[in-house]
Amino acid sequence: MTTHLRCCSARDSLQGAAKIMLEADIGEVPVVDEQHRLVGVITDRDIVVRCVAAGESPDTCVVDAYMTAPAVSLMEDASVEDVANAMAKEAVRRIPITDKEGRLCGIVAQADLEHSAARSQKEKVSQRVSTPH
């Protein structure tokens, strides 16, 4: 799990979120409130498909209008198998992890499964998230 995360707020511009993605070499940015509680996620795909392809400008659009909310997330006591199962079920490549108050603790990416005891689960997740919607 990655614990040193770059986040944005729902009021930030999509351009600002995209800049975080560029700087951190990531495809998803958790969206948090003032208490660092997870309120959603914004992905590079959200920006391109929901905003740019619709003819909108990322520098004038805010994250709140294009983010995925609520985000699929799990509590910090979830097992690696729980994470892999949630990824496969929800067809997502990343799962934010929160504490009991909903504050963001970290994020588990599909690639993290490769470095864990859940390698056998990675194939199931890969097949599910690669299936066209």
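The largest nonpolar core of this predicted model holds 15 residues. Within this core, Cys8, Leu14, Val31, Ile42 and Val63 touch the most other members. Three elements each supply at least two of the core's residues: helix H1 (14-24), strand S1 (28-32) and helix H2 (44-51). H1 gives the largest share, with four residues.

Take Leu14 as a way in. Set aside its neighbours within four places in sequence. Leu14 is then in contact with Ile42, Ile47, Cys51, Pro58, Cys61, Val62, Val63 and Tyr66. Two of these partners, Ile42 and Val63, are also named among the core residues that touch the most other members.

Now turn to strand S4, residues 94-98. Is this strand largely enclosed by the rest of the structure, or largely open? Four of its five residues are buried, so S4 is largely enclosed by the rest of the structure.

S4 pairs with strand S3 (residues 74-75). The two run in the parallel sense, and two bridges link them. Here Met75 stands opposite Thr98 of S4.

S4 is also joined to strand S5, residues 104-109. These strands run antiparallel, with five bridges between them. One of the pairings sets Arg94 against Ala109 in S5.

S4 and S5 form a hairpin, with five residues between the strands. In this hairpin, Gly102 takes a positive phi near 85°.

How values were computed. Residues are numbered from 1 along each chain as its sequence is written. This is a predicted model: local features need pLDDT of at least 70, side-chain atom pairs count only at pLDDT 80 or more; totals for chains, interfaces and linings use all residues. Side-chain values use heavy atoms; hydrogens and water are left out. A nonpolar core is a set of buried Ala, Val, Leu, Ile, Met, Phe, Trp, Tyr and Cys residues joined through side-chain atoms within 4.5 Å. Buried means under 20% relative accessible area, exposed over 50%, partly exposed in between (1.4 Å probe, protein chains only). Contact means heavy atoms within 4.5 Å. Two strands pair if DSSP finds at least two bridges between them.
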